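This briefing walks through one protein chain, topic by topic. Please keep the sequence and the 3D view open while reading.

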Amino acid sequence: MLAQGLRRAPTGPVHSCGVRIRTDATRAGTARPLQPRGAKQKGAGGPVLGDSTLLKYERDGFLLTRKQLEQKEVSDLKGAVEHEIGTRKMSALRQRVRVLCPSFADPNTLMTEEQATEVLRAEGTDEIGFLQFFNLHRTNSVVKEMVMNLKLARTASQLLGVKKVRLFQDCVFLKEPGYAETNWHSDLRMTGLDTNSYVTAWIPLRPIRGGDNDSGLLFAQRSQKDFALPFWYDMDGRDLSDRGYEIKSVGAMELGDVSWHHGWILHCAGPQPAGTPARAALAISFFADGARLAPRKKKTDPSVRLSMMHTEDDETFAGWRSSLKDGAVAAHPLLPVVWPSKS
């Protein structure tokens, strides 16, 4: 991951990531209720976010929309995701070995969970913070229905401020009891997209209790606007306590609540405490149509800073990245337009 050691300590309880947080729902950027007074309903896309809500997201870089989804929708999704986790867990462990054990020759030689866990314990450069399961919508119809949900697509369009939105990926993040914290990072660094117009919907598949009792998301408020940080400094492992960020959480979340965050905002998650149920969340990422791919080779563009790119999520590119040239518009059937709806 991208940045560790964020130790800013504003007023509030100490979180297990080593920072203090504020969990007041309104101050944390909550849109509650989702439909502001006077907003008009427009078709299957659901309610319109009010100007004050959009301005708060633009400033803070994150937002909570309460009860955006029906509880049954999320319950059905949970069952589908749990099935996929059961069939794909070994692949997810191999991906963690690739990322955390760079000296290990070939993760595909690992055949059992026990083998992979032992390699991660013995050779890992960091503790396991989560397992990732990419693009379940491509094979699971229930997940696809959620990923293509017009309520989410419309909100993405409003937060991005664009008329046409594409899906980048879906990814389930699984934290089992005892898993370590998720380090500070910005999502866009893992995408290879040359854009600022990227937003992620984070949907927990069970209620999140908040604070140290569970592993919800923490945000470095307004860090998505800190252009000076990556311009002047090497981000990897840098102590960011001098940046003056306020560390905030959206607090407890119920089934149907959705947390949204900007592609450049720094965020993390605490460890999953022992004795608690595993925490799974579906993250659905959207970007503005017309975004281009950043060059991956100096010969394509000598000015590109290859050191800033990250390969952690390379599995998500399978099937489309190799067919597009550096600098090309990111348009591919596996990156479908989700807003406006074609129906």
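A residue is called buried when its relative accessible area is under 20%, exposed when that area is over 50%, and partly exposed in between. At 10% relative accessibility, Asp 313 therefore counts as buried. The model is a predicted one. Its chain has 343 residues, and buried residues make up 53% of them. The chain contains six helices and 14 strands. Of the contacts with a separation of 6 or more, 82% are between residues 24 or more positions apart.

**The loop between strand 13 and strand 14**

- Asp 313 is located in the loop between strand 13 and strand 14.
- Not counting residues up to four places away in sequence, Asp 313 touches Arg 98, Gln 132, Phe 134, Gln 169 and Met 190.
- The C-alpha atoms of Asp 313 and Asp 187 are 9.7 Å apart, while the two residues are 126 residues apart along the chain.
- Pro 295 also lies in the loop between strand 13 and strand 14.
- Pro 295 has 14% relative accessibility, so it counts as buried.
- Between the C-alpha atoms of Pro 295 and Asp 326 there are 4.6 Å, with 31 residues separating the two along the chain.

**Helix 2 and helix 3**

- Two packed helices are described by the angle between their axes and the distance between the axes.
- Helix 2 covers residues 71-100 and helix 3 covers residues 113-123; they pack at an angle of about 20°, and their axes are 10 Å apart.
- An angle under 35 degrees counts as roughly parallel, and helix 2 and helix 3 are therefore roughly parallel to each other.
- The crossing of helix 2 and helix 3 is left-handed.
- On the side of helix 2, the residues that meet helix 3 are Lys 89, Met 90, Leu 93, Arg 96, Val 97 and Leu 100.
- On the side of helix 3, the residues that meet helix 2 are Glu 113, Ala 116, Val 119, Leu 120 and Glu 123.
- By class, seven residues in this contact of helix 2 with helix 3 are nonpolar, four are charged and none is polar.

**Aromatic rings**

- A pair of aromatic rings is described by the distance of the centres and the angle of the planes.
- Searching the whole structure gives ten aromatic pairs.
- Phe 62 and Phe 219 form a stacked pair, with 4.5 Å from centre to centre and 5° between the planes.
- Phe 62 is in strand 2 (residues 62-65) and Phe 219 is in strand 8 (residues 217-220), so their pair ties together parts that are 157 residues apart in sequence.
- Phe 62 and Phe 219 are both buried.
- The ring centres of Phe 168 and Phe 317 are 6.3 Å apart and the planes are at 75°, so this pair is edge-to-face.
- Phe 168 belongs to strand 4 (residues 165-175) and Phe 317 to the loop between strand 13 (292-293) and strand 14 (337-339), so the pair ties together parts that are 149 residues apart in sequence.
- Phe 168 and Phe 317 are buried.
- One aromatic cluster is formed by Phe 168, Tyr 198, Phe 287, Phe 317 and Trp 320.

**Backbone details**

- Most residues other than glycine have a negative phi, and most peptide bonds are trans.
- Asn 135 is not a glycine, yet it has a positive phi of about 50°.
- Asn 135 lies in the loop between strand 3 (131-134) and helix 4 (141-147).
- With 5% relative accessibility, Asn 135 counts as buried.
- Arg 222, although not a glycine, has a positive phi of about 70°.
- Arg 222 is in the loop between strand 8 and helix 6 (228-232).
- Arg 222 has 44% relative accessibility, so it counts as partly exposed.
- Trp 339 and Pro 340 are joined by a cis peptide bond, with omega about 0°.
- Pro 340 lies in the segment after strand 14.

**Pro 204 in strand 7**

- Pro 204 lies in strand 7 (residues 198-204).
- Pro 204 has 0% relative accessibility, so it counts as buried.
- Leaving aside neighbours within four places in sequence, Pro 204 contacts Val 74, Met 253, Leu 255, Asp 257, Ala 280 and Ala 281.
- Pro 204 and Ala 280 are 76 residues apart along the chain, and 6.2 Å separate their C-alpha atoms.

Terms used: Residues are numbered from 1 along each chain as its sequence is written. This is a predicted model: local features need pLDDT of at least 70, side-chain atom pairs count only at pLDDT 80 or more; totals for chains, interfaces and linings use all residues. Side-chain values use heavy atoms; hydrogens and water are left out. Axes are lines fitted to C-alpha atoms, for helices over the stretch in contact, and angles run from 0 to 180 degrees between N-to-C directions. Helices (H or I, at least four residues) and strands (E, at least two) are DSSP runs, numbered from the N terminus. Angles under 35 degrees count as roughly parallel, over 145 as roughly antiparallel, 65 to 115 as roughly perpendicular and the rest as oblique. A crossing is left-handed if the near helix is turned anticlockwise from the far one by less than a right angle, and right-handed if clockwise. Contact means heavy atoms within 4.5 Å. Ala, Val, Leu, Ile, Met, Phe, Trp, Tyr, Cys and Pro count as nonpolar, Asp, Glu, Lys and Arg as charged, and the others, Gly among them, as polar. Rings of Phe, Tyr and Trp (its six-membered ring) pair if their centres lie within 6.5 Å; planes under 30 degrees apart count as stacked, over 60 as edge-to-face and the rest as tilted. Buried means under 20% relative accessible area, exposed over 50%, partly exposed in between (1.4 Å probe, protein chains only).
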